[in-house]
Amino acid sequence: MEAATLSEEELDAAFTALADPTRRAIISRLAEGEAGVLELAGRFPISQPAISKHLKVLETAGLISRSKDAQRRPCKLEPLRLKQLADWVGSYREFWEASFERLDNYLDTLQQQQRQEDEQ
C-alpha cells in the first residue's frame, strides 16, 4: 500500500499527538509489538483512564489502532501513518541539503579569503 499525501488536518493531529512525551513513549513501546491498555498503563505513573485518553489521541491521529479480543483491547502501531509522516518530513531534505551546501561554499570562500590575507 502506497503512502498517500496527508492533509493539513492529518498532519496537525499526528504532530500534536507526537508532541506529548507519554504518547511518544507509547509509540516506542508499540514498536516492539501490540499491547493491551492495562499493560501500557503499568509502564507509566498515571492512571489507566489517562492512558486511555492518550491512546484515543494516538488512534484519532491514525498512529495506532485498537481491536477487540474478548475482554482485551490490544493496541498496535500503524506503520503506514508513520511512513507518511517520515515522507512529509523527508520532502524538506532537499531544502536542508541545499542550505548546507551553500553554507559549506560560503565557509570555503571565507577560508580562502583568510588565507589570502594571511599571505599578504
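Is arginine 115 buried, partly exposed or exposed? Arginine 115 is partly exposed, with a relative accessible area of 49%, where buried means under 20% relative accessible area, exposed over 50% and partly exposed in between (1.4 Å probe, protein chains only). The residue lies in helix 6; helices (H or I, at least four residues) and strands (E, at least two) are DSSP runs, numbered from the N terminus. Arginine 115 and aspartate 12 are separated by 103 residues in sequence and by 49 Å in space, C-alpha to C-alpha.

The model is predicted, so local features need pLDDT of at least 70 and side-chain atom pairs count only at pLDDT 80 or more, while totals for chains, interfaces and linings use all residues. Residues are numbered from 1 along each chain as its sequence is written, and side-chain values use heavy atoms, with hydrogens and water left out. The protein chain has a mean pLDDT (the predictor's confidence in each residue, from 0 to 100) of 89, and 97% of its residues reach 70 or more. Confidence in the protein chain is lowest in helix 6 (residues 93-119), with a mean of 84, and highest in helix 2, with 96.

Helix 1 (residues 8-18) has Leu11, Ala14 and Ala17 as its buried residues. Viewed down the axis of helix 1, these fall within an arc of 135 degrees, so they line one face of the helix; the arc is that of the directions from the helix axis to the C-beta atoms. The exposed residues Glu8 and Glu9 are carried on the face of helix 1 turned away from its buried side. Helix 2, helix 4 and helix 5 (79-90) are among the elements that cover the buried residues of helix 1. Alanine 13, also in helix 1, is partly exposed, with a relative accessible area of 27%. Its C-alpha atom is separated by 12 Å from that of leucine 82, 69 residues apart along the chain.

The axes of helix 1 and helix 5 cross at roughly 100 degrees and come within 11 Å. Axes are lines fitted to C-alpha atoms, for helices over the stretch in contact, and angles run from 0 to 180 degrees between N-to-C directions. Helix 1 and helix 5 are therefore roughly perpendicular to each other (angles under 35 degrees count as roughly parallel, over 145 as roughly antiparallel, 65 to 115 as roughly perpendicular and the rest as oblique). Glu10, Leu11, Ala14, Phe15 and Leu18 of helix 1 make the contact (heavy atoms within 4.5 Å) with Arg81, Leu85, Trp88 and Val89 of helix 5. The residues of this contact divide into 7 nonpolar, no polar and 2 charged. Ala, Val, Leu, Ile, Met, Phe, Trp, Tyr, Cys and Pro count as nonpolar, Asp, Glu, Lys and Arg as charged, and the others, Gly among them, as polar.

In helix 2, the buried residues are Thr22, Arg23, Ile26, Ile27, Arg29 and Leu30. They cover an arc of only 160 degrees around the axis, which puts them on the same side of helix 2. Helix 2 (residues 21-30) packs against helix 4 (residues 48-60) at an angle of about 75 degrees, with the axes 10 Å apart. That makes helix 2 roughly perpendicular to helix 4. Thr22, Arg23, Ile26 and Ile27 in helix 2 meet Ile51, His54, Leu55, Val57 and Leu58 in helix 4.
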